[in-house]
Amino acid sequence: MRDLSYDAVIARKNEIMKRAVGIDYEKYMIGELVFDYEKMMQEVGYSLEKVREIQQETGVGNTTLVELKQINRLIKKIAPKGKGARIFIKDEATNPSGSYKDRRASVSVYHAQKHGYKGVIAATSGNYGAAVASQAAKRGLKCIIAQECYDSRWIGQPEILEKARSCEAYGAEVVQLTVGPELFYYTLVLLEETGFFNASLYTPYAIAGVETLGYEIAIQTKEMTGKYPDAVVITHAGGGILTGTARGLKKAGAVDTQIIGASVNLKGLHMASDNDFNKKYFTTGHTGFGIPFATFPDRSDVPKNAARALRYMDRYLLVSQGEVFYVTEMLAQLEGMQRGPAGNTSLAAAFALALEMDDDKVIVVNETEYTGAGKLPSAQLTFARKMGMEIKRGDPIKEDLPGKRIVIPEHPSQIGYIEFNMEDIRKSYVKEVMKRYKKTKFTKDEVSFMAEDTNTTEDKIKEYIKELGGELIEA
Amino acid sequence: MIAKKGDWVQIQKTLLKPEERTAPLPEDTKKVPLQMRVKGFLINETAQIGDEVEIETLIGRRVSGKLVSINPKYDHDFGEPVPELITIGIELRKILEGDSDA
C-alpha cells in the first residue's frame, strides 16, 4: 500500500508530476535557477493559430470587447479638464463556463485527450475548476476538482461553494478541503491514485491558452479605436492571465501597450491561516497570491512556472475590497452588465487611472466573469457582516482595513489605487531567489536570467544582490 | 434520517491529524486537522449520519468516510440587501444627469 503521509507523498512529487503533466522540464533547465523560458514556451505550448483552432472546437474565446459608454461619460464628468481616458472591457463572462479560465483550461484538456488520459485533475478554488470541468465534459474526460473551501468549523467561503456547485453541474467530482497549503499534497495523492492528467494552471499549455485573449484585445481595440490600447489593466493573482494576455498582445504587434497589474489589497491576512480564511471577501485577485507569485513564481505545482508576471508587468496597483464592490454595482447599474468580482478588481484600478490619463487614451480591462449566488457583492458583504466585519461608506484609500473594515466609496472620485513600487517587487524577487536556492553568490548568467525574468537591467540586479548581502562571481 | 443505497450523500474524512501536518503552517492551522468533504452515491444498504460509509462519486471513484449529510443542499445564496450598496446606482445616475452635488 502507498505511504500517504505528507512527507512520503511530497518525496514522490517529481515522479507523480512527470507522469501527470508529461513535460520533461529538465530539457529547459540550465542550472537550478536559470532555464530557457522562451524555448519551453515554444516547444511545449501550442502555436497561437493552433490554440485558436482548439478553442474554436469547444466554443471558447472570440468574446465581445465592450466600450463602457456610460461609465466613460461619468469619468469625463468628474475628471479634470483634458483628462478621462476611455475604458473598454473584454466580456469574458460569455465563455462556456463564464470566465476567461476556459481559455486557460482548453489546451490542457485537449492535450490530455490527445495523449489518452482518462481524466483531468485541477487544484483550484476559483473559476478554473468550472472551466476544466466544462472543457472535460466537452471532450468526454472525467474530472476531479480539489478546492480549499472551509475553515476548521466547516464554514465555507460562499464564492468557493458556488464554484463547487458549478463544477458538479458539469459532472465533475469536487473534493473540498479545509484550509492549508496541503491542497497540493492531496492533489498529488489523487493524481497518483487515478493516473489522470494534471491540468495545472501553470504549464505552458495553460499560458498558451490565454495568449488568444491578448491577441483578440489588440485586434479588436484597433478595429474600434484605430489604435492598440494604451494600457491593459489585468487582475493579478497567480500571474497566468497577466503573462498570457501580455504575450498575446505582443504577438499581435501591440508592443507599446502598458501592462498594468491590479490586486485587491489584503495586507496583514495570512493565506494559510485557519482564522483569517473567512476574513477575506475576495478569493482570488488579491495580494495574498499576487505578491508571492510575482516574487517567486516557482512556488507553483510544476517545476518551472510558465506564468511569470514580472517579465511583463509595467505597473502594479492595489485597490480595496470596497472599491471593487462599488464598481461592480456601477457596472451593473450603468452598463447593464452584472459581472464579477474578478475582472472588477482591474476595472476599479482602470477607473482610477482613467481619471488621470488624457482623454484620447484607451484603457482595456481584459476580463469579466459570471456572477450569481455566493459571488455577488450582496452575498459577500452579508457573509462579511456575519464574520464580524465593519462595513461602511467612506474614503476607501484612507479607511480600508483588511480583515476588519470594508469601506464602500461615497463618490466615484474616491476610487483610487495604491501604487506598488516595481523596484521593491524586483528586489523581493532577488531576495526570494537567495532564500529558496540558499544562494549568496551569483554568476553572470544568473544575473542575466534574473534581469530577463523581472524585466530590468543587469546593473539593477547586481545592485539588489549587493544590497541584500550577496556577491557576484565575475566569470 | 436513514440513507439508503444509491442516495446522494456527503461524507467527511480526516486526511491529516494535527500531528501529521508537517508542512510549514501558521500556528492556528497547525492545531486543527486537514479534513475533506466529498459527495457521491451511497454504496452501503442503509446508513445514519455519523456512520462510516462508502460512496461512489460522480466520476465513479469509491471513497469512504463519515456520513455528514443526506441529499446535501447548496446553501450559499444571493445575500441580504446591503444598505451600503443599494443606493449606489441612484447616486451615479444623479451625477450623470448633471447634479454634481450628488
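Why is helix H12 (residues 287-295) of chain A largely enclosed by the rest of the structure?

1. **What you are looking at.** This is a predicted model, in which local features need pLDDT of at least 70 and side-chain atom pairs count only at pLDDT 80 or more, while totals for chains, interfaces and linings use all residues. Residues are numbered from 1 along each chain as its sequence is written, and chains are lettered from A and ligands numbered from 1 in the order in which they are written. The model scores ipTM 0.95 and pTM 0.96. For chain B, the mean pLDDT (the predictor's confidence in each residue, from 0 to 100) is 95, and 96% of its residues reach 70 or more.

2. **Domains of chain A.** The domain assignment (bounds come from an automatic or database assignment) gives domain 1 (6-55 + 99-201), domain 2 (59-97 + 205-420) and domain 3 (422-472). The C-alpha centres of domain 1 and domain 2 of chain A lie 24 Å apart. Between these two, 46 residues of domain 1 are in contact with 44 residues of domain 2, contact meaning that C-beta atoms, placed from the backbone, lie within 7 Å. On the domain 1 side, helix H6 (101-114) of chain A gives the largest share, seven residues.

3. **The seven-stranded sheet.** Helices (H or I, at least four residues) and strands (E, at least two) are DSSP runs, numbered from the N terminus. In chain A, seven strands form an open sheet in the order S1-S2-S10-S7-S8-S9-S13, with mixed pairing; two strands pair if DSSP finds at least two bridges between them. Strand S1 (65-67) and strand S13 (418-420) of chain A are the edge strands, each pairing on one side only. From one strand to the next, the twist averages 30°. Further along the order, strand S8 (residues 258-264) and strand S9 (residues 315-319) of chain A pair in the parallel sense over five bridges, and A:Val264 stands opposite A:Val319 in S9(A). Helix H14 (residues 342-356) of chain A lies across S2, S7, S8, S9 and S10 of chain A, running at about 140° to S7(A); axes are lines fitted to C-alpha atoms, for helices over the stretch in contact, and angles run from 0 to 180 degrees between N-to-C directions.

4. **Strand S2 and A:Ile89.** Five of the five residues of S2(A) are buried, so this strand is largely enclosed by the rest of the structure. Buried means that 20 or more other C-beta atoms lie within 10 Å of a residue's own; a residue is exposed with 12 or fewer and partly exposed in between, with C-beta atoms placed from the backbone. Both faces of S2(A) are covered, with A:Arg86, A:Phe88 and A:Lys90 on one side and A:Ile87 and A:Ile89 on the other. S2(A) pairs with S1(A) in the antiparallel sense over three bridges and with S10(A) in the parallel sense over four bridges. A:Glu67 stands opposite A:Phe88, and A:Ile89 opposite A:Val365. A:Ile89 counts as buried because it has 29 C-beta neighbours inside 10 Å. Leaving aside neighbours within four places in sequence, its contacts are A:Val66, A:Leu68, A:Leu347, A:Val365 and A:Thr368.

5. Five bridges join S3(A) to strand S4 (residues 142-150) of chain A, and the two run parallel; A:Val120 has A:Cys143 as its bridge partner. The largest nonpolar core has 163 residues, and A:Val120 is one of those with the most contacts inside it. Such a core is a set of buried Ala, Val, Leu, Ile, Met, Phe, Trp, Tyr and Cys residues joined through C-beta atoms within 7 Å. Helix H10 (residues 204-225) of chain A gives the most to this core, with nine residues.

6. **Back to helix H12.** Seven of the nine residues of H12(A) are buried, so the helix is largely enclosed by the rest of the structure. The buried residues are A:Thr287, A:Gly288, A:Phe289, A:Gly290, A:Phe293, A:Ala294 and A:Thr295. What covers them includes S8, S9 and helix H17 (422-436) of chain A.
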